[in-house]
Amino acid sequence: MNNTVERYIYDVVRRLPESERSDVESELKANIYDMLSDEPTEAEIESVLQKLGRPSVLAEEYRLHKRYLIAPAVFETYLQTLKLVLPIVGLVMFIVGLGIGIFNSAFVLNQTHQYAELFSSMFASAFGLALSGLFQAVVWITIGFAVYDYARSRDGKQQKPWTTQNLPELPVAKQKRISVSETIAEIIMTVFFTALLIMIWKGIIPAFFSVSMNNVTITALFTSGFADYAMPFIIIAAAVSLLECVIKLVVRSWSVVVFATVCSVNVVSVVLLAVLLNYPNYFTSEFIQVIQSLELGRFDFVGFLADGGQQTVAVVMIALMSIVSVVTILVAAYRTFWKGHTFRESIVTRFDD
Amino acid sequence: MSDQDLQQSYSTELRRGSLAIAVLGCLRESYYGYSLLQKLESVGLPIEANTLYPLLRRLETQGLLTSDWDTSQNRPRKYYLISEKGIRVYDNLCHEWERMQESLDLIRKENKE
């Protein structure tokens, strides 16, 4: 048996399932030698084997069942699953990573004031965790689909018969869709600024003004009593806001559920702010002294502060927040309830020409 | 894709569809792989070796052919022959083939008018 021919046959047969190998080997051997003369030259062997073609392609012809990692029939579903799951996994892991980074940094552990170290720790672990989470998600989803396909081909069962009941609803009109990227950006902002806020108020990061003005050094903007009192409020507000974002991510279009959530979240936020700002004396006395010494009594807002009118400031803040909330709710109502052109309608109008 | 490649691809598709019926038809008599290849070439239906051999294996797996290893020569050879089931399938295919021919001729006739 010629070495080249043997090697060719081996290269074809090794790609086939074990049970097929010896049969195909015998057949191929007989067929090839039938195509060769009794004392074939290397050139002749080359030409005959070329006629048979690439071993991998020939093996594919011999294969009884086509093999795919993800079968064409389910590939669309596979891609959709990835599109749905990956943003969520990436996001969650990012946030978890931020948290882990914070608590692992020397900043928190040793109370050193190395901002650079804190932020690098936060974002390193955030990106690291997000990336590894994404890879894991891809791997598990792919494995899941591959296993499902393998089980299906084993059974030889066809898919369940399709009926018109299985048809999905028409996609919502463009303006009804809630953009995924916007929602995710919102989540990242909420988490980031809440974390920042907490750290500032807890004095982990020294506040804005480490400034000496007129012999008064301000180390903190808010009194520490207020900072402690405010902590749960901040956390609840952030949690509620995140809940709204999660619902938006899951539902992905403006519906009554989403609208109700937006309304309640805004109402809760305003109420929280109102209750929070009922706290007497939230600005530190140093801060007030500085403002008074600036002699800016001309400007109303600062004037109120200077007169110690923290109540008035609170009222102004709550009013501002209420206006923002009302506007937000109105916009949400518009997005949810305005009967604009749906997908169906836009098709019909096009054919009405 | 060039025009020639396009033409070739449809041509190949047409030929591929006819392979089974051609092979089954020939195998009323016993042939081994290479001799069948030559037979088909001689009737004007050249077929690639890497298409024919796997096809023969598949037809046998499906019970349309029977096979027999002839060990009398210096080298063993696998001879194929159409089976009972194969004959039934072949006859049905032939009827379908005739009906298809008529339909296609009808279309061609209409085109000429």
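Author: Before we start: two strands count as paired if DSSP finds at least two bridges between them. Also keep in mind that this is a predicted model.

Reader: OK, sheet first. How many bridges join strand 2 of chain B to strand 3 of chain B?

Author: Strand 2 covers residues 65-70 of chain B, and it runs antiparallel to strand 3 of chain B. Within that pairing, Trp69(B) stands opposite Lys78(B). As for the bridges joining strand 2 to strand 3, the count is six.

Reader: And which residue is the bridge partner of Tyr32(B) in strand 3 of chain B?

Author: Strand 1 of chain B is residues 31-32, and strand 3 is residues 77-82. Those two pair in the antiparallel sense over two bridges, which meets the cut-off of at least two. The bridge partner of Tyr32(B) is Tyr79(B).

Reader: Zooming out, what pattern does chain B follow along the sequence?

Author: Chain B has four helices and three strands. Of its 113 residues, 31% count as buried. Read along the sequence, the pattern is α-β-α-α-β-β-α.

Reader: Now chain A. Among contacts between residues at least 6 apart in sequence, what percentage join residues at least 24 apart?

Author: Chain A comes to 14 helices and two strands, and 34% of its 353 residues count as buried. With the sequence separation you describe, the figure in chain B is 44%. For chain A, it is 76%.

Reader: Let's look at helix 1 of chain A. Within what arc do its buried residues fall?

Author: Helix 1 spans residues 3-13 of chain A, and Val5(A), Tyr8(A), Ile9(A), Val12(A) and Val13(A) are buried there. Seen down the axis of helix 1 of chain A, these buried residues line one face of the helix, because they fall within an arc of 125°.

Reader: Which residues are exposed on the other side of helix 1 of chain A?

Author: The buried residues of helix 1 have cover that includes helix 2 (18-35), helix 3 (42-52) and helix 4 (55-62) of chain A. The other side of helix 1 has exposed residues, namely Arg7(A) and Tyr10(A).

Reader: Next, is Cys263(A) buried or exposed?

Author: The cut-off for buried is under 20% relative accessible area. Cys245(A) has 0% relative accessibility, so Cys245(A) counts as buried. Cys263(A) has 17%, and therefore Cys263(A) also counts as buried.

Reader: How many disulfides does the structure hold over all chains?

Author: A disulfide needs a pair of cysteine sulfur atoms within 2.5 Å. Over all chains, the number of disulfides is zero.

Reader: On to voids. Which element gives the most to the lining of the largest cavity?

Author: A search of the whole structure finds one cavity of 30 Å³ or more, and about 50 Å³ of space lies in the largest cavity. Its lining is Glu27(A), Ala30(A), Asn31(A), Asp34(A), Tyr32(B), Gly33(B), Lys78(B) and Tyr80(B). The elements giving two or more residues to that lining are helix 2 of chain A and strand 3 of chain B. With four residues, the one that gives the most is helix 2 of chain A.

Reader: Last one, on the largest pocket: which residues lie nearest its centre?

Author: About 1,100 Å³ of space lies in the largest pocket. Helix 8 (180-201), helix 9 (224-251), helix 10 (256-276) and helix 13 (310-337) of chain A each supply at least two residues of its lining. Of the 36 lining residues, those nearest the centre are Leu197(A), Ala237(A), Ser269(A), Leu273(A) and Met321(A).

How values were computed. Residues numbered from 1 in each chain as written. Chains lettered and ligands numbered in written order. Predicted model: local features only at pLDDT ≥ 70, side-chain atom pairs only at ≥ 80, totals over all residues. Heavy atoms only, no water. Buried < 20%, exposed > 50% of the residue type's maximum accessible area, 1.4 Å probe, protein only. Arc of directions from axis to C-beta. Contact = heavy atoms within 4.5 Å. 1 Å grid on protein atoms, 1.4 Å probe; cavity = no way out; pocket = protein on both sides within 12 Å on 5 of 7 lines; lining within 4 Å. Points joined across faces, edges and corners; volume = space filled by probe spheres on them.
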